[in-house]
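Subject: Structure handover

Hello,

Here is the structure I promised to pass on. Please open it first, then read my notes below.

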Amino acid sequence: MASWETDPLLVVEHLTMRFGGLVAVNGLSFSVGRSDITALIGPNGAGKTTVFNCVTGFYKPTEGRLALARQGIAAAPDVAHLTSTGSRHGRSNSGDVYLLERMPGHEIAGQARVARTFQNIRLFTGMTVLENLLVAQHNALMKASGFTIGGILGLGGYKAKEKAAVTKATEWLDRIGLLNRADDPAGDLPYGDQRRLEIARAMCTDPILLCLDEPAAGLNPRESLELNTLLRTIRKDHATAVLLIEHDMSVVMEISDHVVVLDYGTKIADGTPAQIRDDPKVIAAYLGVEDEEVEEVEHEIDLAEEAS
């Protein structure tokens, strides 16, 4: 069985998001495996970013459950029990589970340890490259400072935390090849470097789930290759699961362990990249084919495979 079935980090069940009479996401269920790279794909307007906004607390779902196991697994009986209690967090023999739909965004980031980037880069362009990574560690530094007093007085606990924050930031800059630009304004970096810096900033919060909204958008082939390498490193060296929205199918098919396909807010396919690549419903959705024409597309695929 696949890791997203045997070792789920995030389990999304019957997620529905309505905006008045518009159903943006319709009864969506899928899982994200621990340390997997999971791609959420579909045509424009399929509801992908709405799903991200629900997972990260920007939206509160109309219906559904989003269970994240920070440790262990999101076992169905434990999730059901936690749901019945009305709580947002619970510990059991199988895991340490959070119900994200019950949590505000800052708690999802700080306690459940979910980080995200956006389709449009949101760096602090006037700050230096290094400062962008330090600001991501703001909460830990503020706590160590006693909320400014310790920082002003330079107390030992704050100094140690500050040193650790700088060390972590410089390690990430070295990893993404930007250590020599540490003191430059982030806004002066080329576009591809800004993309990688934004991902490094998110990783400085030590997430167990990293949500990336179109990280390859606007990248040239060399930059896309650097992105692929970075995401594989994050999965391998940090045991961080990646959930990404992406339109670049070369990126999706090359690095993903698991692909979930949406069309008009409804899941139409869920599996490995190889399973998704030849799925007639996926091909029909991307070509804009109507439901009644799916069988015709299926037949054309069969003919193409026979010819090859």
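Five strands make up an open, antiparallel sheet, in the order β2-β1-β4-β6-β5. β2 and β5 (89–91) are at its edges. Each has a single partner strand, so one side of each has no neighbour in the sheet. On average, neighbouring strands here are turned by 15° against each other, direction ignored. Keep in mind that this is a predicted model.

β5 runs antiparallel to strand β6 (residues 95–99), and three bridges join them. Glycine 90 has valine 97 in β6 as its bridge partner. Helix α3 (residues 76–85) packs on this sheet and touches β1, β4, β5 and β6. Its direction makes about 45° with that of β6.

Leaving out neighbours within four places in sequence, asparagine 26 contacts Leu15, Thr16, Gly265 and Thr266. Glutamate 63 is 37 residues away along the chain, and the two C-alpha atoms are 9.4 Å apart.

Next, strand β3 (residues 37–41). It is mostly covered: five of its five residues are buried. In a regular strand, side chains alternate between the two faces of the sheet. In β3, Ile37, Ala39 and Ile41 point one way, while Thr38 and Leu40 point the other way. All of them are buried.

Which strands does β3 pair with? One is strand β9 (residues 241–245), in the parallel sense, over four bridges. There, alanine 39 stands opposite leucine 244. Another is strand β10 (residues 258–263), also parallel, joined by four bridges. Threonine 38 has histidine 258 as its bridge partner in β10.

Last, the whole chain. It has 14 helices and eleven strands. Of its 308 residues, 46% count as buried. The accessible surface comes to about 14600 Å², and carbon and sulfur atoms hold 52% of that. Among contacts with a separation of 6 or more, 66% are between residues 24 or more positions apart.

Best wishes

Definitions and conventions: Residues numbered from 1 in each chain as written. Predicted model: local features only at pLDDT ≥ 70, side-chain atom pairs only at ≥ 80, totals over all residues. Heavy atoms only, no water. Helix = DSSP H or I, 4+ residues; strand = E, 2+ residues; numbered from the N terminus. Buried < 20%, exposed > 50% of the residue type's maximum accessible area, 1.4 Å probe, protein only. Contact = heavy atoms within 4.5 Å. Areas by Shrake-Rupley, 256 points an atom, 1.4 Å probe, with all protein chains shown as cover. Pairing = 2+ DSSP bridges. Axes fitted to C-alpha atoms, helices over the stretch in contact; angles between N-to-C directions.
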